[in-house]
Amino acid sequence: MAKAYIVEKFDYHMAEVEKINKRVKDYLMNVGYERWSRAHSTVNKTLTMTSNIAESINASLKAARELPVLPLLDYIRQLIGRWNVTNLKNAVESFTDLEKKYDTMLMDNLELSHQMKVTPSTSYLYSVLDKGKQRMLFLKDRTCSCRRFQMDEMPCAHAWAVLKYKYIDHIEYFSLYYTTKYLLKTYEIPIYPVPDESTWKIPAEVLNKKVLPSDVTKTIGRPRKGRCKPISERERKRSISCGQCGEEGRNRKTCRNNPKRG
């Protein structure tokens with residue numbers, strides 16, 4: 001449901017969920033579809049549908065979170081600095097017009113477009129036949145009835161079919177933020193090192209301030225440090241198989257079958 005581009009597809013999956021448990025549908029409705037659903041989103045999230053970025057940084061700070069505030073901030077500064085250098089190096093060494101992730105998506109859409117048939121209505125309005133379904137594409141407005149063109153801000157498979165039909169360069173129909181040029185701009189600002197504490201010039205009004213601890217109610221039990229992994233990232237439990245017969249669900253001691261033959 002979260003990844004569905006059109007409301008009809010969203011409603012189809014929601015109906016499947018409702019058959020399993022209606023309370024789930026009610027809960028998601030109270031949360032607000034626009035907060036987590038691509039089809040109902042009121043803003044363009046540019047392909048980002050999760051909070052994994054923040055969670056990844058949080059996981060990198062798992063040990064550093066035990067430090068006092070100043071050492072923690074300096075650790076974060078050094079961490080972001082190392083990441084910036086690595087990402088800038090990867091961007092400089094890239095030989096494609098688009099960042100690797102988006103270039104791969106582009107090639108996938110290109111492959112899907114090979115079997116599609118394009119029928120022009122005007123110089124900017126086209127009908128694209130995709131596996132028996134008609135998709136309407138407005139090249140001038142960069143929109144498609146599948147909604148991928150306008151939401152992803154890159155040519156969907158239907159747009160690719162039209163661009164090939166018109167012999168138009170696809171790079172003009174990409175968001176500039178997907179290009180390697182803009183990727184370089186992201187990491188061109190350096191993370192400056194902090195001088196030694198003995199050289200700091202701290203204003204008197206700052207030195208005279210007394211900072212009190214946060215008024216936080218401590219919960220029962222040990223606080224969680226690791227993030228809750230989604231189902232897609234969890235390791236599947238390995239099933240036990242017998243070393244004698246090779247079947248799952250038993251071991252050598254409880255096996256009554258004949259030994260397996262090599």
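Biologist: Is Glu111 buried or exposed?
Modeller: This is a predicted model, and in it Glu111 belongs to helix H6, which spans residues 100–112. Exposure requires a relative accessible area over 50%. Glu111 reaches 59% relative accessibility, and therefore the residue is classed as exposed.

Biologist: How far apart in space are Glu111 and Trp160, C-alpha to C-alpha?
Modeller: Trp160 is one of the members of a second, separate core of 11 residues, which also includes Tyr102, Leu106 and Met154. Along the sequence, Glu111 and Trp160 are 49 residues apart. In space, their C-alpha to C-alpha separation is 9.2 Å.

Biologist: Is Leu98 buried or exposed, in the loop between H5 and H6?
Modeller: Leu98 lies in the loop that joins those two helices, H5 and H6. Among the residues that Leu98 touches beyond four places in sequence are Leu106, Ile171, Phe174 and Tyr178. A residue counts as buried under 20% relative accessible area. Leu98 has a value of 1%, so Leu98 is buried.

Biologist: How far apart in space are Leu98 and Thr180?
Modeller: The contacts of Leu98 include Thr179 and Thr180. Leu98 and Thr180 are 82 residues apart in sequence. From C-alpha to C-alpha, however, the distance between Leu98 and Thr180 is 5.1 Å.

Biologist: Which residues does Asn84 touch, not counting those up to four places away in sequence?
Modeller: Asn84 is placed in helix H5, residues 69–92. Its relative accessible area is 15%, and therefore Asn84 is buried. Leaving aside residues up to four places away in sequence, Asn84 touches Tyr187, Ile189 and Ile191.

Biologist: How many bridges join E1 to E2?
Modeller: E1 and E2 form a hairpin, with four residues between the strands. Within this pair, Val118 has Val128 in E2 as its bridge partner, and Thr119 stands opposite Ser127 in E2. The two strands run antiparallel, and the number of bridges joining them is four.

Biologist: Which residue takes a positive phi in the hairpin of E2 and E3?
Modeller: E2 and E3 pair in the antiparallel sense over six bridges, and Leu125 has Phe138 in E3 as its bridge partner. Two residues lie between the strands of this hairpin. The residue with a positive phi, near 55 degrees, is Lys131.

Biologist: Which element gives the most residues to the largest nonpolar core?
Modeller: This core has 16 residues, and those touching the most other members are Leu137, Leu139, Phe149, Cys156 and Val162. Two elements give two or more residues to the core, strand E2 (125–130) and helix H8 (157–166). With five residues, the element that gives the most is H8.

Biologist: At what angle do the axes of H1 and H2 cross?
Modeller: Met14, Val17, Glu18 and Ile20 in H1 meet Lys22, Val24, Lys25 and Leu28 in H2. The residues of this contact divide into five nonpolar, no polar and three charged. H1 and H2 are oblique to each other. Their axes come within 5 Å, and the crossing angle is roughly 130 degrees.

Note on methods: Residues numbered from 1 in each chain as written. Predicted model: local features only at pLDDT ≥ 70, side-chain atom pairs only at ≥ 80, totals over all residues. Heavy atoms only, no water. Axes fitted to C-alpha atoms, helices over the stretch in contact; angles between N-to-C directions. Parallel < 35°, antiparallel > 145°, perpendicular 65-115°, else oblique. Contact = heavy atoms within 4.5 Å. Nonpolar A, V, L, I, M, F, W, Y, C, P; charged D, E, K, R; others polar. Core = buried A, V, L, I, M, F, W, Y, C linked by side-chain atoms within 4.5 Å. Buried < 20%, exposed > 50% of the residue type's maximum accessible area, 1.4 Å probe, protein only. Pairing = 2+ DSSP bridges.
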